[in-house]
Amino acid sequence: MRIVVLAGGIGGARFLRGLKQAVPAADVTVIGNTGDDIHLFGLKVCPDLDTVMYTLGGGINEEQGWGRADETFHLKEELAAYGVGPEWFGLGDRDFATHIVRTQMLGAGYPLSAVTEALCDRWKPGVRLIPMTDDRVETHVAVTLPDSGSAAGSGERKAIHFQEYWVRLRASVPAEAIVPVGADQAKPAPGVLEAIAEADVILFPPSNPVVSVGAILAVPGIREAIADAGVPVVGLSPIVGDAPVRGMADKVLAAVGVESTAAAVAEHYGSGLLDGWLVDTVDAGAVGRVEGAGIRCRAVPLMMTDLDAAAQMAREALTLAEEVRGV
């Protein structure tokens, strides 16, 4: 079985680990989000690609879900002592090595897809990990930053990098617009469209539908290829009980005019893209609304409390895919 998964960071990576347990013999291609990519300290940092690579390769910090296990931060402390920032983005010493190698290879002329393949040679994630594009795409967020002493909603309106919004500001101000800068001029990385065309099943894990899966779909040609693939496309809701399972997806959903509910996210993707949608059992009441939108829907447990739970979620997604295929 050939499975294509569109993945963001923590949620996508943990789902992939469950998918590998559920169907160990499957040929899995992961199209990774690069909209979170950022240049820091002169280095190219790819948070979502690295989270997938580290998680499946056994090097992730399990407690926080990102970064390396057994990490130290001596380099970050030394940079801060020199007054070099930003201090709000916590790169560890082991993690720095990955970004140095990536930046050196990019500087030598290798595309990001080839660099990612080379990095995966070390980590052996057990999947084929492809960035959504070799071109530079960065998700920016339009916000109004309040002036000191001014009323809420007044102040300077500006666009900031998604990482600054998510990590430094902790989404503490409303997101007014989400813009994947450069996406409209980007091309899918080599292998992306081919993997989609050859897939038996396409899955949207419980990743952020706006800045993770949404950023991937913003690259011209990818959404169209999925819609035209002629195979079941099944997603799993990242919203449980009208709240994100992890992170602050509700903040960016509001920016694109989508309510923070499992049904609304399914409708946001649309029946032209999705064939099936899994919601958590607490959202069973949403099944009728989703099916009314032309998307087959089932309510199953969607909390990835451990590896077995993630594997069962993957099995449920594949079961729904077979149900859709049989229609």
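The model is predicted, so local features are reported only at pLDDT of at least 70 and side-chain atom pairs only at pLDDT 80 or more, while totals for chains, interfaces and linings use all residues. Residues are numbered from 1 along each chain as its sequence is written, and side-chain values use heavy atoms, with hydrogens and water left out.

Helices here are DSSP runs of H or I with at least four residues, strands are runs of E with at least two, and both are numbered from the N terminus. Helix 5 covers residues 112–123, and its end C-alpha atoms lie 16 Å apart. This agrees with the 16 Å that its 12 residues should span at 1.5 Å a residue, the expected span being 1.5 Å times one less than the number of residues. Buried residues (under 20% relative accessible area with a 1.4 Å probe and protein chains only; exposed is over 50%, partly exposed in between) in helix 5 are L112, S113, V115, T116, L119, C120 and W123. Viewed down the axis of helix 5, these residues fall within an arc of 155°, so they line one face of the helix; the arc is taken over the directions from the helix axis to the C-beta atoms. They pack against helix 2 (47–57), helix 4 (93–107) and strand 5 (128–131), where contact means heavy atoms within 4.5 Å.

G58, with a positive phi near 85°, follows helix 2.

How do helix 2 and helix 4 cross, and at roughly what angle? Their axes come within 12 Å and cross at roughly 120°, using lines fitted to C-alpha atoms over the stretch in contact and angles from 0 to 180 degrees between N-to-C directions. That makes helix 2 oblique to helix 4, given that angles under 35 degrees count as roughly parallel, over 145 as roughly antiparallel, 65 to 115 as roughly perpendicular and the rest as oblique. On the helix 2 side, D50, M53 and Y54 meet D95, T98, H99 and R102 of helix 4.

Two individual residues are also worth a visit. Q163 sits in helix 6 (residues 162–168) and is buried, at a relative accessible area of 5%. Beyond its neighbours within four places in sequence, Q163 touches D36, I38, P47, W88, F89 and R168. I226, in helix 9 (residues 222–227), is buried at 2% relative accessibility. With neighbours within four places again set aside, the contacts of I226 are L6, I196, I202, F204, L217, V233 and L273. I226 and V4 are 222 residues apart in sequence, yet their C-alpha atoms are 9.9 Å apart in space.

Finally, some backbone details. Most residues other than glycine have a negative phi, and most peptide bonds are trans. The peptide bond from G85 to P86 is cis, with omega near 10°, and P86 lies in the loop between helix 3 (74–81) and helix 4. D70, not a glycine, has a positive phi of about 50°; D70 lies in the loop between helix 2 and helix 3 and is exposed, at 65% relative accessible area. A171, also not a glycine, has a positive phi of about 55°. A171 lies in the loop between helix 6 and strand 8 (177–181) and is buried, at 3%.
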